[in-house]
Amino acid sequence: MRTSFVWAGAIALGIAGPALAQSTLEAVKAKGFVQCGVNTGLAGFSQPDSRGVWRGIDVDLCRAVAAAVFGDASKVRFTPLTAQQRFTALQSGEVDVLSRNTTWTITRDTSLGLNFVGVNFYDGQGFMVHRKLNVKSAKQLNGATICVQPGTTTELNLADYFRANRMTFKPVVIEKLEEVLNAYFAGRCDVFTTDVSGLVSVRGSRAPNPADHVILPEVISKEPLGPAVRHGDDRWFDVVKWSLFAMIEAEEMGLTSKNIDKALESKDPAVQRFVGATGDIGKMLGLDNRWAFNIVKQVGNYGESFEANLAPLGFERGLNQLWTKGGILYAPPIR
Amino acid sequence: MRRGLIAQAALVAALALVLGWLWQNAAHNLETRKIASGFAFLWREAGFEIGETGGLAYSAADSYLRALAIGLANTFRVAAIGIVFATVLGALLGLARLAPNWLLAKLAAAYVEFVRNVPLVVQLFFWYALISENLPGPREALQPLPGVYLSNRGIFFPLPGSAPQLAGFNFTGGASLSPEFAALLAGLITYTAAFIAEIVRAGILSVRRGQLDAARSLGMTRRQALRHVVLPQALRAIVPPMTSQYLNLVKNSSLAVAIGYPDLVSIANTTINQTGQAIEGIAIIMAVYLTVSLAISAFMNWYNRRVALKGLRA
């Protein structure tokens, strides 16, 4: 029996070895599309529109990666994931990129085996309450029943906040966004908590009557939301990271999907490098030299994505404005 | 005989090979992706609150181990109460299907056919929506009995020395049943009872008609004949399939996740998500359900031996 185990181990190593030698970038190129994990439905971030086309800033990041790798933003498939499924889906290789309004924390970056490529939305956690309860501040929530989704930083911040303020609450923890919102709207909970962006999004898109719900002024946490990839594949990490930075850098350079064609003849050396007219930045990434041009041409820059997806829901740029305009969005130089 | 042995040994070896390969593969992948492994996380602070703890002490400062124990206790609570009531309701329904009263028999038959042919998770959503959407908020709670309050926060009833009182957002004091617990329990009981009813009916039908007639001719009433002649024999046919229904009920309680009751699976899912240790988390869930199921089987087998005909043990 023991010898058969050793034999089994030897075979297992032999088979496991070569299968893993292939990098994610090669695997993605070989299968012909990027598999992207997104939210099951959060307006402005990732949600199918009336024609079944996925829309949102998280979805645009996925398209940007496809544009960079294939020169075709449509070569992407979406896997809708709940908060609880998302990390296992990425760890197990079911998705290549996780772009699902996910907060960057040290635990996730280390022991969960993820690498966050950057931040595509700076957010913070807030509370939404039924207006008829007449609550003005989160400090008045002692004893409240609070609806929350499991497996989120929200769930942990909530416990921390109430502990720190010596208040108690009753959580109602339901995995599916639809179900947890139904419970809140039906009055099962006094409060619904998630990132402020999520509150604005669901109040505008899901509430039977948005005016019946108040978002309290307190923001109780930092929630930098960003795309993530698996540990241990730096090439792929670079591709996704610079796809995000290219969208931010394009906005800073004033390059949009409308004017990028003209930029091909630009005399500005930084623009020439960006669109791939000079230099070989694309090759450094293992991509076509037009990678950034394709992202901006087919998906748009960060500002265009924000205007198309988040502005209609009433989002302000706020922190998510370029550093040159009073926000904290800042991409390292593409050179 | 020898060939049989060799074939079996080959099968075991093949199985061991596959398991070994899977194990090796997983270990290697975890290592290359630098994903944490091992069970040390169980002693770390969980950091999340649990909606109902069944009277056990728990706070976000407790460990994952304690959180999982609370989840297990919640699973036990709903499963134990569910098994008792499902058995009673199922037996009554089974008897009702055989009752001489035509209307009663048809109603019981309609119930069984309807309930066992609709997926349980749909029924759970129905019960949950019924409770959370139809009942008023705590400030407008219904008061069916003095001191008992019915609202979409659950049922609050008084205990000696402690009566529920509306304070701020909700009632405090007394004892309560949450909507999630009530919906899950109602769903499990009504669903499982439909299957149990059929088992009871089949068991009773397996006792020959002549037995009942003979008992009646001895001067027993119908009730006495059922109690002393038919049921003891029917139990032999009823007990073994009943075991699987009890196991089903325990395993079906894991659908609690869908309506937000904090059972073992719900807590384990959150733990997996926070620690990223899916393999360990799933292993814990599997080990627990296996242990519980084997324990129920062992008990039911013991009981079956007691009611079985002596000397006829298979």
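Two strands count as paired if DSSP finds at least two bridges between them; helices (H or I, at least four residues) and strands (E, at least two) are DSSP runs, numbered from the N terminus. The model is predicted, so to speak of a local feature takes a pLDDT of at least 70, side-chain atom pairs count only at pLDDT 80 or more, and totals for chains, interfaces and linings use all residues. Residues are numbered from 1 along each chain as its sequence is written, with chains lettered from A and ligands numbered from 1 in the order in which they are written.

Chain A comes with 14 helices and 14 strands. Its radius of gyration (taken over C-alpha atoms) is 22 Å, close to the 20 Å that the globule rule (2.2 Å times the number of residues to the power 0.38) gives for 335 residues, so chain A is as compact as a globular protein of that length. Along the principal axes, the C-alpha atoms of chain A fill a box of roughly 70 × 60 × 40 Å. Among contacts in chain A (C-beta atoms, placed from the backbone, within 7 Å) with a separation of 6 or more, 73% join residues 24 or more positions apart.

One open sheet in chain A has five strands in the order β10-β9-β11-β8-β12, with mixed pairing. At its edges stand β10 (169-173) and β12 (213-215) of chain A, each with a single partner strand, so one side of each has no neighbour in the sheet. From one strand to the next, the twist averages 30° (axes are lines fitted to C-alpha atoms, for helices over the stretch in contact, and angles run from 0 to 180 degrees between N-to-C directions). Inside this sheet, β8 (125-130) and β11 (191-195) of chain A run antiparallel and are joined by five bridges, one of which pairs A:Phe127 with A:Thr193. Helix α6 (153-164) of chain A packs on the sheet, touching β8, β9 (144-148), β10 and β11 of chain A, and its direction makes about 160° with that of β9(A).

Elsewhere in chain A, helix α14 (302-309) has A:Tyr302, A:Gly303, A:Ser305, A:Phe306 and A:Asn309 buried. Seen down the axis of α14(A), these residues fall within an arc of 160° (taken from the directions from the helix axis to the C-beta atoms), so they line one face of the helix. They pack against β3 (54-55), α3 (57-70) and α9 (234-253) of chain A.

Over in chain B, four strands make an open antiparallel sheet in the order β1-β2-β3-β6. β1(B) and β2(B) form a hairpin with two residues between them, and B:Gly147 in the turn has a positive phi of about 85°. β2(B) and β3(B) also form a hairpin with two residues between them, where B:Tyr149 stands opposite B:Phe156. B:Phe156 has B:Ser176 as its bridge partner in β6(B).

As for the two chains together, 40 residues of chain B are in contact with 42 residues of chain A. α1(B) gives the most to the side of chain B that touches chain A, with nine residues.

Technical notes: A residue is buried if 20 or more other C-beta atoms lie within 10 Å of its own, exposed if 12 or fewer, and partly exposed in between; C-beta atoms are placed from the backbone.
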